Amino acid sequence: MSGDKVRELVEAIGQKAKEHIKVNTAWVKCTEIDWENKTMTGVGVSDNLEYFEVSLGLGAITIKPVINNLCLIGIIENKETETFLIEATEVDKYYLNAVEIVFNDGENGGVVKVNPLKTELEKLNSNMEILIEATKAIATVANALTPGTSVAFETAVGFMESQDLSDLENEEVKH
């Protein structure tokens with residue numbers, strides 16, 4: 001037997017052997033999500049096989065894919081009834097359960113707690129408004145004593161204004 005024939009025989013045997021090995025991953029189209037139970041249903045792209053109760057996470061990361069998008073699922077120990085989501089082409093939500101999460105090497109510090117920040121900024125706005133009103137009252141008295149001084153006071157506080165705090169929070173990133 002020539003070298004080419006041996007190579008062909010080896011390739012044919014290898015191909016036949018691959019046909020008998022069970023698949024460990026599959027591409028599926030997500031058809032349904034049960035977020036409460038952290039599972040999904042998907043239909044195999046190549047075989048139309050339906051996969052029920054696919055786990056959306058195995059621990060620290062849970063992924064909520066967008067329905068009707070492709071998902072790569074893993075099959076645990078070749079048991080097609082024990083499956084988990086590996087990745088999705090489009091994601092609605094990631095749920096992370098971790099002691100610490102670091103983005104961009106942590107260069108920007110920690111994530112701000114929006115509610116206490118808003119409370120403190122509202123206090124600052126209120127105090128600034130009181131200061132502006134008090135300054136205007138002082139300017140009125142000072143102007144009565146020395147005409148023209150109210151212009152200096154009004155110039156000093158004229159640039160001060162309350163800040164709009166309504167759009168500080170990004171509702172899509174929570175902690």
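Close-up 1. At 0% relative accessibility, C71 counts as buried, where buried means under 20% relative accessible area, exposed means over 50%, and partly exposed is in between (1.4 Å probe, protein chains only). C30 is buried too, with a relative accessible area of 0%. So why is there no bond at C71? Its sulfur is 5.0 Å from the closest cysteine sulfur, in C30, and that is too far for a bond. A disulfide is a pair of cysteine sulfur atoms within 2.5 Å, and by this rule the count comes to zero.

A quick note before the next views: this is a predicted model, so local features need pLDDT of at least 70, side-chain atom pairs count only at pLDDT 80 or more, and totals for chains, interfaces and linings use all residues. Residues are numbered from 1 along each chain as its sequence is written, and side-chain values use heavy atoms, with hydrogens and water left out.

**Close-up 2. The largest nonpolar core.** A nonpolar core is a set of buried Ala, Val, Leu, Ile, Met, Phe, Trp, Tyr and Cys residues joined through side-chain atoms within 4.5 Å. The largest one here has 14 residues, and V28, M40, Y51, C71, I73 and L85 touch the most other members. Strand 1 (25–34), strand 3 (50–55), strand 5 (70–75) and strand 6 (83–88) are the elements that give two or more residues to this core. Helices (H or I, at least four residues) and strands (E, at least two) are DSSP runs, numbered from the N terminus. Take a look at L85: leaving aside its neighbours within four places in sequence, its contacts (heavy atoms within 4.5 Å) include M40, V54, I63, C71 and I73.

Close-up 3. You'll find T39 in strand 2 (residues 39–44). Is T39 buried or exposed? With 18% relative accessibility, T39 counts as buried. If you skip its neighbours within four places in sequence, T39 is in contact with I33, D34, E53, V54 and L56.

Close-up 4. A salt bridge is a side-chain nitrogen of Lys or Arg within 4 Å of a carboxyl oxygen of Asp or Glu, and the structure holds three of them. In this view, D92 and K64 meet through their side chains (3.5 Å, N to O). The pair links distant parts of the chain, as D92 is in strand 7 (residues 91–96) and K64 is in strand 4 (residues 61–65), 28 residues apart. K64 counts as buried, at 19% relative accessibility.

Close-up 5. K123 pairs up with E120, and their closest N and O atoms are 3.2 Å apart. Both lie in helix 2 (residues 114–145), three residues apart, or about one turn of the helix. K123 is partly exposed, with a relative accessible area of 45%, and E120 counts as partly exposed at 45% relative accessibility. Over at the other pair, the side chains of K79 and E77 meet at 3.8 Å, N to O. Here K79 is partly exposed at 39%, while E77 counts as exposed at 63%.

**Close-up 6. K38 over the ring of W35.** K38 lies over the face of W35, at 4.3 Å from the ring centre. For a charge to sit over a ring, NZ of Lys or CZ of Arg must be within 6 Å of the ring centre and within 35 degrees of the ring normal.
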